[in-house]
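Me: I am new to this structure. Could you show me how to read a few of its features?

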Amino acid sequence: MKKQLCLNQFWIRLIATITMVIDHIALFMAMFGFIETTSLAYVILRIIGRLSFPLFATMIVEGVYRTRHISYYLFRLGGCAIGLGLVYLILESFEFHIAIPSNLFLTLFLGAVVAYFIKRKGIYTLFAILLVGLSFVPHFVVVPNYLNPDYASYGLVLFALLSVAHLLADKKSKDIAFEALEPYSNYQETPDYQRNINIGYCVALIIVNVLYYLVTTLIPSFNIRIAMTLQDYSMLAIFIIFMYNGKRGYDSDGYRIFNYLFYPVHIAILFLIFMLIY
């Protein structure tokens with residue numbers, strides 16, 4: 001008996017948000033000396049935090065493939081990337097550095113663009129390859145924090161493979177529907193269709209982690225930007241991704257604004273809390 005797909009986008013984003021906060025709490029605790037980075041508690045908290053990025057990345061790829069207003073979707077992510085970059089630029093001008101200097105929204109925006117280019121296929125695939133190639137620069141060259149995408153190449157390679165996985169799973173689904181003499185539009189509404197997509201996402205996540213584990217083992221200096229010893233645990237996210245049912249779930253304008261503002265706001269709140277109790 002097949003397991004029912006029970007997690008919609010709302011719940012997966014909520015899990016991603018909670019695990020992200022747990023990860024950042026661990027970082028601030030270490031930064032302010034409340035916990036040792038070699039302690040078991042710190043490692044466990046960081047492992048939980050590893051679930052966050054692949055869940056966010058998967059939901060953004062889903063957004064690229066499902067939204068009817070891709071330009072608006074990219075505009076919002078791009079605006080957040082610019083806004084966060086300006087905040088970091090201002091902080092740097094005052095020689096003030098925070099614990100999480102990389103621009104996560106820049107990664108999410110570029111990742112969404114890569115997914116969009118791969119979705120369009122043809123000449124756009126070359127643009128996607130170019131963007132992924134540029135993401136390797138921070139591994140070898142010092143990049144200002146406001147232009148520094150979080151996870152560097154790991155992030156965009158993951159976005160690229162998630163998008164490719166979606167295309168391949170979609171093609172497989174079309175073949176299944178054709179062989180069953182079933183209209184493809186009808187098959188897309190079935191749990192089996194989403195299961196095919198989910199399996200593709202899970203395989204993509206595993207491939208990226210295995211690939212980067214091998215690369216960082218052979219080239220230790222390449223590991224500075226990713227810390228694969230912990231990032232490998234992000235593969236645990238496959239158990240959540242596999243339960244995704246393809247539905248949006250709860251949604252509203254206020255909730256969307258909350259999603260975009262939460263990242264910088266929660267960083268500021270955590271910093272202030274730890275400053276007060278330090």
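This is a predicted model: local features need pLDDT of at least 70, side-chain atom pairs count only at pLDDT 80 or more; totals for chains, interfaces and linings use all residues.

Me: Is F34 buried, exposed or partly exposed, and why?
Reply: Buried would need under 20% relative accessible area, and exposed over 50%. F34 has 42% relative accessibility, so F34 counts as partly exposed.

Me: Which residues is F34 in contact with, leaving aside its neighbours within four places in sequence?
Reply: They are M29, F274, I277 and Y278.

Me: How far apart are F34 and D170, in sequence and in space?
Reply: In sequence, 136 residues separate F34 from D170. In space, C-alpha to C-alpha, they are 48 Å apart. G254 is found in helix α12. Its relative accessible area is 45%, so G254 is partly exposed.

Me: Which aromatic cluster does F34 belong to?
Reply: One cluster is formed by F28, F32, F34, F271 and F274.

Me: How do I read a pair of aromatic rings?
Reply: Take two values: the distance of the centres and the angle of the planes. This structure holds 20 aromatic pairs. One of them is F32 with F274. Their ring centres are 5.8 Å apart. Their planes meet at 20 degrees, so the pair is stacked.

Me: Are F32 and F274 buried or exposed?
Reply: Both are buried.

Me: What about the rings of Y116 and F117?
Reply: Their centres are 6.0 Å apart. Their planes stand at 40 degrees, so this pair is tilted. Y116 is buried, and F117 is buried too.

Me: How do I read two packed helices?
Reply: Use the angle between their axes and the distance between the axes. Here, take helix α1, residues 9–31, and helix α3, residues 52–66. They pack at an angle of about 150 degrees. Their axes are 8 Å apart. The crossing of α1 and α3 is left-handed.

Me: Which residues make the contact of α1 and α3?
Reply: From α1 come Q9, I12, R13, I15, A16, T17, T19 and M20. From α3 come S52, L55, F56, M59, E62 and R66. By kind, the residues of this contact divide into 7 nonpolar, 4 polar and 3 charged.

Me: Let me pick T17. Where is T17, and what is T17 in contact with beyond its neighbours within four places in sequence?
Reply: T17 is found in helix α1. Beyond those neighbours, T17 is in contact with F56 and F262. Its relative accessibility is 12%, so T17 counts as buried.

Me: Now backbone angles. What is the phi of K121?
Reply: K121 has a positive phi of about 65 degrees, although it is not a glycine. K121 lies in the loop between α5 (104–120) and α6 (124–134). K121 is partly exposed, at 48% relative accessible area.

Me: And what is the phi of A152?
Reply: Phi of A152 is near 50 degrees, again a positive value in a residue other than glycine. A152 lies in helix α7. With 1% relative accessibility, A152 counts as buried.

Me: Last topic: cysteines. How many disulfides does a search of the whole structure find?
Reply: It finds 0.

Me: Is C80 buried or exposed?
Reply: C80 is buried, with a relative accessible area of 18%.

Terms used. Residues are numbered from 1 along each chain as its sequence is written. Side-chain values use heavy atoms; hydrogens and water are left out. Axes are lines fitted to C-alpha atoms, for helices over the stretch in contact, and angles run from 0 to 180 degrees between N-to-C directions. Helices (H or I, at least four residues) and strands (E, at least two) are DSSP runs, numbered from the N terminus. A crossing is left-handed if the near helix is turned anticlockwise from the far one by less than a right angle, and right-handed if clockwise. Contact means heavy atoms within 4.5 Å. Ala, Val, Leu, Ile, Met, Phe, Trp, Tyr, Cys and Pro count as nonpolar, Asp, Glu, Lys and Arg as charged, and the others, Gly among them, as polar. Rings of Phe, Tyr and Trp (its six-membered ring) pair if their centres lie within 6.5 Å; planes under 30 degrees apart count as stacked, over 60 as edge-to-face and the rest as tilted. Buried means under 20% relative accessible area, exposed over 50%, partly exposed in between (1.4 Å probe, protein chains only). A disulfide is a pair of cysteine sulfur atoms within 2.5 Å.
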